[in-house]
Amino acid sequence: MPRGIYECVNCGHREVIDSSEPLLEKACPKCGGDMVLVGFSVEVGETAPRPALPAEVEAKVREFYSAEPLEFREGVFTFEVREIIKDDFERFLGEIEGHGYWAALKKFDGRVLLYVFPAGEIKGDNPRIGVLLFIATLLSTLWAGYVLALNYIGTLDEFGLPGYRNPYVIGLAFSMSVLGILGTHELGHKIAASLHNVRATFPYFIPFPNLLGTLGAVIRVKSPVPTRKAAIDLGVSGPLAGIMVAIPVTAVGLRLSTFVPVSAFQSLPGEGIYFGTNLLFEILQRALLNPPSGDYVLLLHPVAIAGWVGVLVTFLNLIPAAQLDGGHVARAFMSEGLHRQFTWGMGLFLVVMSYFWAGWFLWALLILFIGSAGNPGALDEVSPIPASRKLLALLAAILFVLTATPVPFYTG
């Protein structure tokens with residue numbers, strides 16, 4: 001006789017009892033309440049009585065895996081996988097999803113377990129919200145670009161330097177550059193999600209009345225990530241796509257920038273805001289600019305600032321913690337518990353870094369907050385990560401180092 005898993009209807013106490021009756025009256029050892037059957041506990045190799053999967057889903061399980069049923073609990077069918085017949089979890093998932101089911105492939109106590117369960121509901125998008133946010137972000141970045149243009153033109157006039165002086169055109173160029181970088185970043189995620197049959201929204205831009213006019217853009221992933229290969233693709237695709245636009249934008253902006261004597265620049269009233277640097281920005285500067293002899297500071301054109309924003313966004317998203325892009329890549333190589341510890345360590349490290357830039361403290365709080373929910377990882381954590389995706393993860397790590405900006409802003 002299979003041993004039933006019973007739960008008390010009053011206090012929720014659970015235990016395994018040698019019975020298969022649907023109801024055991026007044027059997028709870030804690031409160032004396034009724035115990036109801038919620039599943040079966042069986043030894044490896046035993047077949048537990050359970051509701052049957054739809055024939056089409058059962059057939060797909062047998063087509064892809066040599067598996068023995070273990071138990072049925074709370075709507076989840078559990079199988080122990082003896083052999084993987086067809087090593088293509090994404091295809092398997094796509095085929096059973098057509099019948100209203102999802103699956104997960106996990107390792108537990110040295111065994112490979114296959115979980116099959118009803119697919120979750122995926123709600124449709126509301127395109128109006130995305131359109132309204134885009135319009136608001138367009139306006140806020142146009143305003144930010146206009147203000148940056150006035151400051152840039154004012155500095156040119158102060159030192160009698162040549163340069164284009166139409167603030168409206170410069171502001172528009174800044175806005176289009178920022179939106180192009182952010183939009184391409186998120187579009188990269190969207191394309192990768194589509195390739196792996198992961199449901200995701202189109203980008204949501206975030207307007208904000210700050211120096212840059214925005215806090216970035218996001219997409220919402222609305223269905224589980226199938227494999228670790230897909231997780232790496234989704235995590236890396238956005239930063240790679242975004243940096244491919246940020247680099248030429250930065251190059252054009254640097255060519256439009258000009259050098260100003262430090263002594264004259266420091267004579268201006270008030271404190272100016274300076275943009276921090278990183279290896280990638282330094283490489284582009286050295287390749288494209290020929291600084292004059294003497295003590296000069298580079299006055300960034302607003303388009304160069306837009307490119308700098310794109311580089312910074314790439315770095316921030318590649319931080320290997322929580323559910324950031326870099327966090328998804330790191331999770332593909334870590335267990336959920338190790339990834340949670342790594343996220344906490346990264347959050348505490350950013351608290352220390354806030355000594356150099358106060359903004360890191362807010363980032364630390366954000367990472368610790370979203371990291372508290374954990375990162376469930378891919379549905380399939382058994383299939384090996386292809387060598388091509390390991391190289392892609394290495395590329396992301398190199399890009400993280402090149403774009404790392406320890407002090408994004410400072411005054412002087």
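Which backbone oxygen does the side chain of Thr-155 reach? Hold on to that one for a moment, everyone, and let me first say that what you see on the screen is a predicted model.

Let's start with the sheet. Four strands make it up, and the sheet is open, with the order E5-E6-E8-E7 and antiparallel pairing. At the edges sit E5, covering residues 65-73, and E7, covering 101-108; each of these two pairs on one side only. If you ignore direction, neighbouring strands in this sheet are turned against each other by 25° on average.

Now zoom in on E7 with me. Its partner is E8, residues 111-118, and the two are joined in the antiparallel sense over 8 bridges. To pick out one of the residues there, Ala-104 has Tyr-115 of E8 as its bridge partner.

Next, the helices on the sheet. Helix H1, residues 55-64, packs on it and touches E5, E6 (76-84), E7 and E8. The direction of H1 makes about 135° with that of E5. Then there is helix H2, residues 89-97, which lies across E5, E7 and E8. Relative to E7, H2 runs at about 145°.

And now back to my opening question. Thr-155 belongs to helix H3, which spans residues 127-159. The oxygen in question is that of Asn-151: the Thr-155 side chain reaches this backbone atom at 3.0 Å. Is Thr-155 buried or exposed? It counts as buried, because its relative accessible area is 11%, and the cut-off for buried is under 20%.

Technical notes: Residues are numbered from 1 along each chain as its sequence is written. This is a predicted model: local features need pLDDT of at least 70, side-chain atom pairs count only at pLDDT 80 or more; totals for chains, interfaces and linings use all residues. Side-chain values use heavy atoms; hydrogens and water are left out. Two strands pair if DSSP finds at least two bridges between them. Axes are lines fitted to C-alpha atoms, for helices over the stretch in contact, and angles run from 0 to 180 degrees between N-to-C directions. Contact means heavy atoms within 4.5 Å. Buried means under 20% relative accessible area, exposed over 50%, partly exposed in between (1.4 Å probe, protein chains only). A polar contact is a pair of N or O atoms within 3.5 Å; within protein, one must be able to donate a hydrogen and the other to accept it, and residues adjacent in sequence count only if both atoms are side-chain atoms.
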